[in-house]
Amino acid sequence: MPALLVINAGSSSIKFKLYRVEGDDIALVLGGALDGIGRLPRLRVKDAAGGALVDRSFGADEIATATTAQHVIGDWLLPRIRDYRMIGVGHRVVHGGPVYSGPVLVDDAVLATLNGFIPLAPLHQLSNLDPIRVLRERRPDLPQVACFDTAFHRGHPELSERFALPRALYDEGVRRYGFHGLSYEYVASALRRTEPEIGRGRVVVAHLGSGTSACALKEGRSIESTMGFTALDGLPMGTRSGALDPGVVLHLIEQKGLSAAEVGRMLYNESGLLGLSGISNDMRELIASPAPEAALAVEFFCLKVAQAIAALATTLGGLDALVFTAGIGEHSPEVRARIAGRLAWLGARLDPEANAAGAARIEAAGSTVPLLVVPTDEERMIGRHTLRMLASLRD
């Protein structure tokens with residue numbers, strides 16, 4: 001039976017899913033993650049029904065690097081895929097730059113080009129590319145497909161892509177790319193299937209997680225996103241600052257004497273919810289904490305998300321629906337309620353009981369803006385792209 005593997009690698013975790021191919025679509029066989037790499041590594045895998053296949057912890061020195069983690073996952077998977085005919089592997093790659101507007105089969109030239117985008121997404125790009133290299137060594141015969149977080153946003157109008165900088169920089173590729181595109185693409189496809197009228201309308205999707213952004217959709221297409229040139233821009237995140245007066249960066253370098261590397265570490269690793277609270281980058285811990293700094297971080301986050309939604313509604317010329325997705329968006333009724341409360345002037349009214357229950361529709365009767373919770377599935381989107389790419393190569 002044909003099957004394909006999807007890998008979604010980060011700096012400290014690697015998520016993976018195995019799908020069997022069923023005609024022109026895919027069905028989940030198993031999925032898991034190895035997280036805490038270099039700290040408290042833990043491998044957890046579940047079958048399609050949610051049953052646990054493995055839950056194993058390791059010593060930090062046993063899995064100190066992402067490369068070691070990839071080999072551990074590969075060794076665990078190997079005996080479990082022998083009944084399948086592996087046709088390819090799909091990867092999430094954060095940045096496709098100005099070059100790639102859709103999935104691409106990886107070869108030496110593609111890999112070299114993607115290496116050039118590492119400075120644009122230093123937290124992600126290198127981690128995304130490492131599994132590709134490892135698999136090319138272990139299985140050089142296996143086709144690998146790179147699927148980009150930036151691709152769904154390609155085709156934005158120039159007004160949405162430009163910074164107020166000299167034109168020459170835009171022509172060189174300094175522009176607003178947008179990220180989390182695989183998540184937004186999946187949500188758009190889910191809306192077309194389950195809420196077709198909403199899917200054809202003006203929708204803002206709030207992808208709220210350790211990485212956070214919002215996207216304006218019109219007829220299922222991305223019109224504008226809060227993230228820009230890098231995945232550092234836009235909304236405050238777990239450890240990333242989000243939008244920042246560029247003068248602050250100049251101040252840190254010129255007046256505080258910080259190097260570019262030190263500024264980068266602060267903005268990517270020491271800011272966001274962690275920087276605001278001084279306690280944690282985990283929204284669950286902050287909501288549970290009695291500390292005023294935690295309360296400030298939560299309220300700051302919700303305010304900035306609400307402001308972004310209002311701004312994107314302006315771009316769309318109205319708002320036909322608001323969708324919450326990703327870890328915080330799907331699982332935090334408190335955050336959803338706070339954001340919706342700040343958007344009451346737009347006609348958004350939350351149903352507290354539906355919201356607490358995590359229902360698919362959480363707007364109250366009389367709300368002029370439908371409020372939805374749509375679980376995202378980036379891996380399934382990657383799998384579908386990979387299947388279509390491999391089918392096109394055979395045609």
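These legends describe close-up views of a predicted model.

**View 1. Helix α1 packs against helix α3.** Helix α1 covers residues 66–77, and helix α3 covers residues 125–138. Their axes lie 10 Å apart and form an angle of about 50°. That angle makes α1 oblique to α3. The crossing of these two helices is right-handed.

**View 2. Residues of α1 meet residues of α3.** On the α1 side, look for T67, Q70, H71, G74 and D75. On the α3 side, find D130, P131, V134 and R138. Sorted by class, this contact has two nonpolar, four polar and three charged residues.

**View 3. Helix α2 also crosses α3.** Helix α2 runs over residues 108–115. The axes of α2 and α3 come within 10 Å and cross at roughly 160°. Angles over 145 degrees count as roughly antiparallel. The two helices α2 and α3 are therefore roughly antiparallel to each other. Their crossing is left-handed. From α2, the contact uses D108, L111, L114 and N115. From α3, it uses Q125, L129, I132, R133 and R136. By class, the contact of α2 with α3 has four nonpolar, two polar and three charged residues.

**View 4. Helix α6 is largely enclosed by the rest of the structure.** This helix covers residues 181–194. The buried residues are G181, L182, S183, Y184, E185, Y186, V187, A188, S189, A190 and L191.

**View 5. H180 sits in the loop between α5 and α6.** Helix α5 covers residues 167–172. The phi of H180 is near 60°. That is a positive value in a residue other than glycine. Is H180 buried or exposed? H180 is buried, with a relative accessible area of 7%. The cut-off for buried is under 20%.

**View 6. E219 sits in the loop between β10 and β11.** Strand β10 covers residues 213–218, and strand β11 covers residues 221–225. E219 has a positive phi of about 55°, although it is not a glycine. E219 is exposed, with a relative accessible area of 61%. Here the cut-off for exposed is over 50%.

Methods:
Residues are numbered from 1 along each chain as its sequence is written. This is a predicted model: local features need pLDDT of at least 70, side-chain atom pairs count only at pLDDT 80 or more; totals for chains, interfaces and linings use all residues. Side-chain values use heavy atoms; hydrogens and water are left out. Axes are lines fitted to C-alpha atoms, for helices over the stretch in contact, and angles run from 0 to 180 degrees between N-to-C directions. Helices (H or I, at least four residues) and strands (E, at least two) are DSSP runs, numbered from the N terminus. Angles under 35 degrees count as roughly parallel, over 145 as roughly antiparallel, 65 to 115 as roughly perpendicular and the rest as oblique. A crossing is left-handed if the near helix is turned anticlockwise from the far one by less than a right angle, and right-handed if clockwise. Contact means heavy atoms within 4.5 Å. Ala, Val, Leu, Ile, Met, Phe, Trp, Tyr, Cys and Pro count as nonpolar, Asp, Glu, Lys and Arg as charged, and the others, Gly among them, as polar. The expected span of a helix is 1.5 Å times one less than its number of residues. Buried means under 20% relative accessible area, exposed over 50%, partly exposed in between (1.4 Å probe, protein chains only).
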